[in-house]
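Biologist: I am new to this structure. Please pick one part and take me through it closely.

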Amino acid sequence: ELQAETGTLQSRVAELEAEVAQRDLQIDELQARERLQETQWAEQANALQRLHLDKEVYLLNRVDRSLAEQHDLAATAPSAAHNASEDTAIAGRHMTGGLDEEDSRTLMELLECRKEQIEVLVQEAE
């Protein structure tokens with residue numbers, strides 16, 4: 001009777017060990033899926049962040065150009081290599097006199113601030 005009970009217990013132990021091994025495999029598979037989904041989520045978040053930064057740089061450039069046009073600051077036609085620092089430098093050198101000195105200085109400070117914002121955003125996007 002003891003041998004029969006021992007045999008039953010040994011077979012039950014073997015079943016439980018097999019079940020534990022199967023559950024370990026399931027846990028490993030679930031952890032792999034979780035890591036994959038976390039990676040995909042991080043990639044999507046990074047892509048959205050890059051898109052947002054690109055949009056912000058674009059909008060800041062548009063605001064700078066609009067300000068320059070509204071206040072009669074000369075600006076050159078945009079090109080592929082055209083950037084915000086060129087806008088600011090050109091605007092600073094080509095004031096046409098539509099603003100008084102204080103307004104001109106304030107506008108130039110704003111354009112310089114925008115240029116710095118754009119540079120920081122471009123660096124973050126890279």
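Modeller: Start with Glu-19, which is partly exposed at a relative accessible area of 35%. This is a predicted model. Glu-19 makes a salt bridge with Arg-23, and the closest N and O atoms are 3.3 Å apart. Both residues lie in helix α1. They sit 4 residues apart, about one turn of the helix.

Now step back along α1 to another pair. The side chains of Glu-15 and Arg-12 meet in a salt bridge, at 3.5 Å from N to O. These two are 3 residues apart in helix α1, so about one helical turn separates them. Glu-15 is partly exposed, with a relative accessible area of 46%. Arg-12 also counts as partly exposed, at 41% relative accessibility.

Helix α1 covers residues 2-70, which makes 69 residues. From its first C-alpha to its last it reaches 99 Å. That is close to the 102 Å expected at 1.5 Å a residue. Just after α1 comes Asp-72, with a positive phi of about 55°.

Which residues of α1 are buried? They are Leu-53, Val-57, Leu-60, Asn-61, Asp-64, Leu-67 and Ala-68. Leu-53, Val-57 and Leu-60 also belong to the largest nonpolar core. Ile-118 and Leu-121 complete that core, giving 5 residues in all. Helices α1 and α3 each supply at least two of its residues. Helix α1 gives the most, with 3 residues.

Are the two partners buried or exposed? Glu-119 is partly exposed, with a relative accessible area of 36%. Lys-115 has a relative accessibility of 14%, so it counts as buried; the cut-off for buried is under 20%.

How many salt bridges does a search of the whole structure find? It finds 4.

Conventions:
Residues are numbered from 1 along each chain as its sequence is written. This is a predicted model: local features need pLDDT of at least 70, side-chain atom pairs count only at pLDDT 80 or more; totals for chains, interfaces and linings use all residues. Side-chain values use heavy atoms; hydrogens and water are left out. The expected span of a helix is 1.5 Å times one less than its number of residues. Buried means under 20% relative accessible area, exposed over 50%, partly exposed in between (1.4 Å probe, protein chains only). A nonpolar core is a set of buried Ala, Val, Leu, Ile, Met, Phe, Trp, Tyr and Cys residues joined through side-chain atoms within 4.5 Å.
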